[in-house]
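Here is a set of questions and answers on one model. Have the sequence and the 3D view ready.

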Amino acid sequence: MEFSLMHAGLAAGAALAALPVILHLFMRPTPKHVVFPALRLIRERQKRSKKKMKIKNWLLLAARMLLLALMALALARPRLHSETPLGDDSVPTALGLVFDTSLSMGYKQNDKTLLDLAKERAREIVARLPDTSLVFVADSADPGIPVGLSPSAARQKIDDRTIRPVNRPLNMAMGQVYSAVADCDRPRREVYVLSDLTKNAWNVSQPAEGREKVEKAAASGSKIATVVLRVGTEERENVSIDEAALTSEAAPQGEPVEIRALIRSHGAKPAQRLAEFYLDGVKKDQKSVEIPPNGQTEVRFLTPPRLKEGEAHRGEIRLTGAPDPMAFDDARFLTFETRPPLKVLLISDLNDDAVYVASALNPEPTPGATGGFQLETIRPTDLAARFRDSLKTYAAVFLLNVQKLDDSGWGLLNAYVHEGGGLVVGAGDRCQPANYNGPIPSQILPGQLADPASPPGEGITFGKVADATHPLFGRYTNEFDAQFAAMPVYHYWKLQGQPAGRVLLPFADGAPALVERTFKGARTGRVLLWTTPLARRAQRSDRSAWNEFPNVGWVFPWVMNQTIPYFAGSTGDQLIFDAGEDVLLNLGSDAPPQDVLVTGPDGKSTERLTPPPIGEPLKIVAPQFLGQWTVTAVGPGEKRRTIGFSLNPPATESQFAAMENADLDAVFGKDGYALAGDDKSLKKVTELIRVGHEIFPWLMFLILILVTVENYLANTFYKEPAGGPTTVPPSAPAQAAA
């Protein structure tokens with residue numbers, strides 16, 4: 001805390017506190033001689049009261065001196081300063097303005113977005129600055145270093161702030177502004193953060209960047225004041241589409257695709273909306289939706305069964321009905337392609353070892369429905385006889401707890417993998433290590449089988465996903481980890497030495513559970529080795545009962561359904577993305593394109609990208625605009641292939657989870673900021689950091705108390721006794737004479 005006086009000259013009036021002493025010395029009354037018969041009694045009474053009168057006189061004198069000193073001090077208008085040196089609005093200022101431009105700032109309040117309200121507040125702050133000030137304007141979307149502007153130029157910079165789908169945490173923007181303000185030579189330094197204080201705009205686990213510069217400036221006596229200015233009300237009403245997903249982003253030809261949308265209401269009132277489904281620009285269906293207060297409702301749509309093959313189809317779900325304060329989350333975009341069903345070959349000795357994979361890939365087999373995969377099951381002894389030439393027409397081959405294969409069978413799989421095929425091996429109790437570790441299988445398998453391991457008790461579980469970026473696990477890694485931790489594994493195969501591939505998933509004890517080996521070529525071949533079978537048994541006592549993998553949660557069907565398109569080169573044909581994500585698109589395994597054109601949702605802005613190397617996906621770094629995008633790959637002879645993808649807002653932008661005081665303390669430090677909401681609190685905070693704490697009202701209150709005390713003391717000390725002056729009884733002289 002610093003202490004200063006607005007009128008320091010008037011503080012000299014405190015010397016008037018000596019006036020009562022001077023008056024007391026020069027105006028002392030002259031003693032009077034009183035002749036009284038009972039002199040001895042008077043002297044005895046005088047001795048008894050003398051000590052009391054001294055104390056009373058000094059108390060009264062001190063009260064009067066303190067009263068005069070406080071009156072002089074109050075006229076000097078003292079103040080305490082908690083942030084910046086004393087000054088007024090005419091002091092040149094280095095002002096930092098950090099705008100939250102995330103999607104939640106598009107919420108409308110009184111027909112104005114929260115960003116519009118933030119701009120108004122910023123213009124009011126800038127209007128009070130002298131022309132010699134410098135203003136540094138930044139937002140959560142633009143990573144550029146802010147440049148110091150005059151107040152007049154800063155107004156245009158403020159007006160240019162817009163809502164952006166892709167933003168960085170405000171913590172990062174603070175670092176750039178703090179650095180610019182700290183290096184500025186203006187005597188006063190202030191930074192204002194204008195945000196609705198929703199958590200999605202911050203990284204509450206990390207402090208604001210540049211705090212060390214603030215602390216360094218404070219240590220040198222040049223403080224930087226930080227004001228967090230909340231715009232908008234904390235209570236909000238909104239209806240949003242939080243999620244819209246397809247059962248498959250590559251639809252099987254001839255089958256409808258189911259689309260599920262999750263609609264949520266934010267607020268204490270129920271809501272009713274009309275959900276409309278559009279496909280390739282044409283309205284296909286609509287449903288009335290009722291959403292409970294602070295609840296959610298699921299709505300489902302089906303695409304037509306016969307969609308044109310090989311094209312990217314664009315879907316959209318819109319909410320219409322009552323006016324909504326936020327428009328961006330009233331629509332959700334989807335992109336998917338149609339393709340022939342992928343052929344999958346299941347090889348097993350027993351039906352029980354293949355039934356779980358088959359059920360995961362085609363859970364409800366009905367006439368004419370394939371679930372996107374065309375399944376075929378055979379016995380190992382029939383492999384070489386039926387497929388003498390090649391397995392290249394199959395997108396994936398599963399070898400499920402097979403006892404052994406002859407050399408011709410292993411040779412067929414070897415050639416298939418090296419030609420770009422995908423093989424999944426589920427090793428169980430029937431597998432013979434000598435057969436799997438032979439010279440031909442060793443050329444493709446990621447590891448050699450050692451001995452079965454049988455953890456004691458109830459077994460162990462799977463560990464955490466080792467490669468969170470892998471296409472099989474990348475989208476729901478946290479959910480996978482939680483479910484893997486609840487899956488009992490009673491037996492698994494140990495591997496000899498180090499695996500020949502990378503471990504994607506371990507067991508809880510660290511042993512490999514899933515290992516992948518890849519083979520580069522015109523098409524990348526892949527082998528996945530599960531060291532525990534992809535099946536279960538109903539009885540724990542069954543010698544083939546090695547785990548409960550297919551029976552816990554939804555991980556098993558998800559991974560099985562992702563494995564085949566991953567082998568076929570289309571897994572990552574993820575075509576629906578959230579703003580802020582990098583888009584990875586597979587351009588196919590044919591001749592590489594010579595040119596790639598990317599067109600935004602407006603259909604006008606086109607960017608030319610460098611084609612990726614053969615076998616690598618095209619990467620589009622964090623596209624900015626929500627909606628449907630088009631990518632055109634131009635090959636030899638002007639041959640064109642058109643694909644697309646959808647970009648949606650992150651669902652967190654509609655959740656309105658607010659920053660708590662503890663969160664702000666973690667970002668700025670407990671005493672490193674001031675929080676303001678409405679105009680009144682902003683004015684109070686601004687006066688606090690620019691002028692300081694006004695002590696005058698407290699001094700006046702103290703003076704009032706002292707005046708009361710002084711009057712009370714004076715009246716109490718010098719008032720006459722109730723019976724009047726003390727008299728000596730008539731008999732006193734006679735008694736004294738005696």
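Q: At about what angle does α3 run to β3?
A: This is a predicted model, where local features need pLDDT of at least 70, side-chain atom pairs count only at pLDDT 80 or more, and totals for chains, interfaces and linings use all residues. Residues are numbered from 1 along each chain as its sequence is written, and side-chain values use heavy atoms, without hydrogens or water. α3 lies across β3 (93-99), β6, β7 (188-195) and β8. Its angle to β3, taken between N-to-C directions on a scale from 0 to 180 degrees, is about 180°.

Q: Which strands stand at the edges of the open sheet?
A: Five strands pair in parallel, in the order β6-β3-β7-β8-β33; strands are DSSP E runs of at least two residues, helices H or I runs of at least four, and pairing takes at least two DSSP bridges. The twist averages 20° from one strand to the next. An edge strand has a single partner, so one side is left without a neighbour in the sheet. The edge strands are β6 (134-139) and β33 (674-676).

Q: Which residue of β33 is the bridge partner of L229?
A: Strand β8 (residues 225-230) and β33 run parallel, joined by three bridges. The partner of L229 in β33 is A676.

Q: Are α3 and α4 roughly parallel or roughly antiparallel to each other?
A: Helix α3 (residues 114-127) and helix α4 (residues 151-159) pack with axes 10 Å apart, at an angle of about 175°. Angles under 35 degrees count as roughly parallel, over 145 as roughly antiparallel, 65 to 115 as roughly perpendicular and the rest as oblique. The two helices are therefore roughly antiparallel.

Q: Which residues of α4 make the contact with α3?
A: Contact means heavy atoms within 4.5 Å. On the α3 side it is made by K119, A122, R123, V126 and A127. The α4 side contributes P151, R155, I158 and D159.

Q: Is T477 buried or exposed?
A: T477 is found in helix α11 (residues 477-484). Leaving out residues up to four places away in sequence, T477 touches V465 and A468. Buried means under 20% relative accessible area, exposed over 50%, partly exposed in between, with a 1.4 Å probe and protein chains only. At 14%, T477 is buried.

Q: Which residue takes a positive phi in the hairpin of β28 and β29?
A: Strand β28 (residues 595-599) and strand β29 (residues 606-609) run antiparallel, joined by four bridges. T599 stands opposite T606. Six residues lie between the strands, and the one with a positive phi, near 75°, is G603.
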